[in-house]
Amino acid sequence: MEMFYYLVFGALAAIVAALELGKSGKDRVATSPAFNSFKNNYILVYSLMMSGDWLQGPYVYYLYSQYGFDKGDIGRLFIAGFGSSMLFGTIVGSLADKQGRKRACVTYCITYILSCFTKHSPQYKILMIGRVLGGIATSLLFSAFESWLVAEHNKKGFDPQWLSITFSKAIFLGNGLVAIVAGLFANFLADNMGFGPVAPFDAAACFLAIGMAIILSSWGENYGDSSDSKDLITQFKGAAKAIASDEKIALLGAIQSLFEGSMYTFVFLWTPALSPKDEEIPHGFIFATFMLSSMLGSSIASRLLARKLKVEGYMQIVFSVSAFTLFLPVVTNFLVPPSGKNGGSILLGGCLQLLGFCTFESCVGIFWPSIMKMRSQYIPEEARSTIMNFFRIPLNLFVCVVLYNVNAFPITVMFGMCSIFLFMAAILQRRLMVVSDLHRSTKAAEMTAEDEPLNP
């Protein structure tokens with residue numbers, strides 16, 4: 001492995017350590033023991049849930065290929081997962097609001113465990129069922145847990161500002177440290193121990209079962225609108241009306257779809273971008289480097305949120321930087337001549353792109369706790385899970401289209417498209433800040449008018 005990879009990883013690790021160890025009083029928020037206990041319980045569960053997800057990632061494609069399926073067959077399996085999330089996500093989100101978020105979290109565990117079990121079968125139909133179950137589980141992972149957390153946090157009467165602490169820590173650990181450890185552990189089980197590519201899925205099922213036991217034993221139930229008079233269609237209409245009638249919610253949904261759509265596209269494109277001529281690159285080590293970059297971003301986000309900086313303001317910068325980093329492959333393609341030989345080590349263009357991609361992953365680390373903070377402010381409680389899954393419909397549709405046409409366009413065109421989407425997200429974020437400030441000032445003026453005594 002070339003020294004360059006070690007240098008990048010070491011530099012990122014040093015920066016993350018310095019940020020975490022060098023936090024001052026301004027970067028810390030005084031909280032209560034009751035909140036700390038609540039926060040630690042949620043972060044433990046969230047980390048277990050994410051470990052169940054991260055353990056599977058490195059070996060999904062490889063397992064399918066070991067069963068003898070070609071690129072087209074595997075592509076259709078991936079499309080089934082995103083399509084399932086798009087079709088069924090809103091339904092399970094509405095059921096979470098109506099039947100209970102704790103039940104939805106338990107359902108996530110059961111559904112994902114069943115999906116893991118299907119990986120033992122080499123039959124295409126069984127694997128397809130597993131992808132459908134995985135798509136449903138993904139919708140619950142990115143809606144039910146956050147909805148439960150926000151509702152339970154408010155129910156217990158904790159300071160709303162403390163939500164940012166839980167969000168930041170959950171992303172720092174669940175999407176950073178846990179991802180790195182899970183990738184290394186999956187590699188240890190599959191390769192070092194010789195258990196094969198299905199072993200990480202069995203380990204994932206075990207972690208999910210442990211998390212489910214903690215949920216059942218320590219979590220309380222909460223709901224959105226549990227009224228018996230509201231069926232699913234009524235809930236859908238209510239969520240759609242909330243999005244259509246409140247520009248802030250609509251803008252938030254568009255921003256989320258644009259950023260996450262670009263992020264998932266990046267997941268599929270970073271490998272061919274760094275090795276266009278089949279250069280030898282350490283995929284696992286680069287993945288760990290990306291996750292370390294994400295930890296750096298979440299550490300920065302925790303400082304920004306602790307100092308009560310306006311999320312709508314600094315996220316404009318984050319989206320603009322993201323747009324630039326994903327435009328780098330287009331720039332390097334023109335400025336750095338590609339090698340005419342296949343194989344070998346990573347080239348100068350690849351090194352520059354790797355640094356840009358690490359910067360993008362840092363932006364991802366800032367994005368997650370920040371978007372969670374904005375969702376907690378703008379999305380109404382009674383339909384939180386439903387609306388959050390409404391946001392995922394265009395996202396999943398976009399990813400399905402990209403997967404279906406991944407070989408139809410040059411990689412530079414795909415990255416250029418993502419860069420445009422991220423720039424659009426920055427513009428919409430600016431609009432969200434303007435609308436939000438106007439709403440706050442109008443509301444403050446109304447409250448002032450109500451408090452003024454009537455003239456005799």
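The model on the screen is a predicted one. I'll begin with α9 itself. Helix α9 covers residues 199-218. With 20 residues, α9 reaches 29 Å from its first C-alpha to its last, close to the 28 Å expected at 1.5 Å a residue.

Which residues of α9 are buried? They are Ala199, Pro200, Phe201, Ala203, Ala204, Ala205, Leu208, Gly211, Met212, Ile214 and Ile215. What do these buried residues pack against? Their partners are α2, α3 (60-66), α5 (101-118), α7 (144-155) and α8 (163-192). I'll go through α2, α5 and α8.

Start with α2. Helix α2 runs over residues 33-54, and its axis comes within 8 Å of the axis of α9, with a crossing of roughly 155°. Angles over 145 degrees count as roughly antiparallel, so α2 is roughly antiparallel to α9. The crossing of these two helices is left-handed. On the α2 side, the contact is made by Asn41, Leu44, Val45, Leu48, Met49, Ser51 and Gly52. On the α9 side, the residues are Ala204, Phe207, Leu208, Ile210, Gly211, Met212, Ile214, Ile215 and Ser218. Sorted by class, the contact of α2 with α9 holds 11 nonpolar residues, five polar ones and no charged ones.

Next, α5. Here the axes of α5 and α9 are 9 Å apart, and the packing angle is about 160°. These two helices are therefore roughly antiparallel to each other. The crossing of α5 past α9 is left-handed. From α5, the residues in the contact are Lys102, Cys105, Val106, Tyr108, Cys109, Ile110, Tyr112, Ile113, Cys116 and Phe117. From α9 they meet Phe201, Ala204, Ala205, Leu208, Ala209, Met212, Ile215 and Leu216. How many of the residues in the contact of α5 with α9 are nonpolar, polar and charged? The division is 17 nonpolar, no polar and one charged.

Now α8. The axes of α8 and α9 are 8 Å apart, and the helices pack at an angle of about 130°. That angle makes α8 oblique to α9. The crossing of α8 past α9 is right-handed. Phe185, Ala186, Leu189 and Ala190 of α8 make this contact with Ala199, Pro200, Ala203 and Phe207 of α9. By class, the contact of α8 with α9 has eight nonpolar residues, no polar ones and no charged ones.

That leaves the single residues. I'll stay on α8 for one of them, Thr166. Why does Thr166 count as buried? Buried means under 20% relative accessible area, and Thr166 counts as buried because its relative accessibility is 0%. Leaving out residues up to four places away in sequence, Thr166 touches Phe35, Lys39, Tyr42, Ile43 and Leu149. Between the C-alpha atoms of Thr166 and Leu296 there are 16 Å, and the two residues are 130 residues apart along the chain.

The next two residues sit in helix α14. Helix α14 covers residues 348-378, and Pro369 is part of it. Pro369 has 0% relative accessibility, so it counts as buried. Not counting residues up to four places away in sequence, Pro369 touches Phe167, Ser168, Ile171, Ala301 and Leu305. One of these contacts, Ala301, is 68 residues away along the chain, and its C-alpha is 7.0 Å from that of Pro369.

Tyr378 is also in α14. Is Tyr378 buried or exposed? Tyr378 is buried, with a relative accessible area of 10%. Apart from residues up to four places away in sequence, Tyr378 touches Lys248, Ile249, Leu252, Glu312, Leu432, Ser436 and Arg440. Lys248 is 130 residues from Tyr378 in sequence, while their C-alpha atoms are 6.9 Å apart in space.

Arg431 is partly exposed, at a relative accessible area of 39%. Setting aside neighbours within four places in sequence, Arg431 is in contact with Glu247 and Leu251.

Definitions and conventions:
Residues are numbered from 1 along each chain as its sequence is written. This is a predicted model: local features need pLDDT of at least 70, side-chain atom pairs count only at pLDDT 80 or more; totals for chains, interfaces and linings use all residues. Side-chain values use heavy atoms; hydrogens and water are left out. Axes are lines fitted to C-alpha atoms, for helices over the stretch in contact, and angles run from 0 to 180 degrees between N-to-C directions. Helices (H or I, at least four residues) and strands (E, at least two) are DSSP runs, numbered from the N terminus. Angles under 35 degrees count as roughly parallel, over 145 as roughly antiparallel, 65 to 115 as roughly perpendicular and the rest as oblique. A crossing is left-handed if the near helix is turned anticlockwise from the far one by less than a right angle, and right-handed if clockwise. Contact means heavy atoms within 4.5 Å. Ala, Val, Leu, Ile, Met, Phe, Trp, Tyr, Cys and Pro count as nonpolar, Asp, Glu, Lys and Arg as charged, and the others, Gly among them, as polar. The expected span of a helix is 1.5 Å times one less than its number of residues. Buried means under 20% relative accessible area, exposed over 50%, partly exposed in between (1.4 Å probe, protein chains only).
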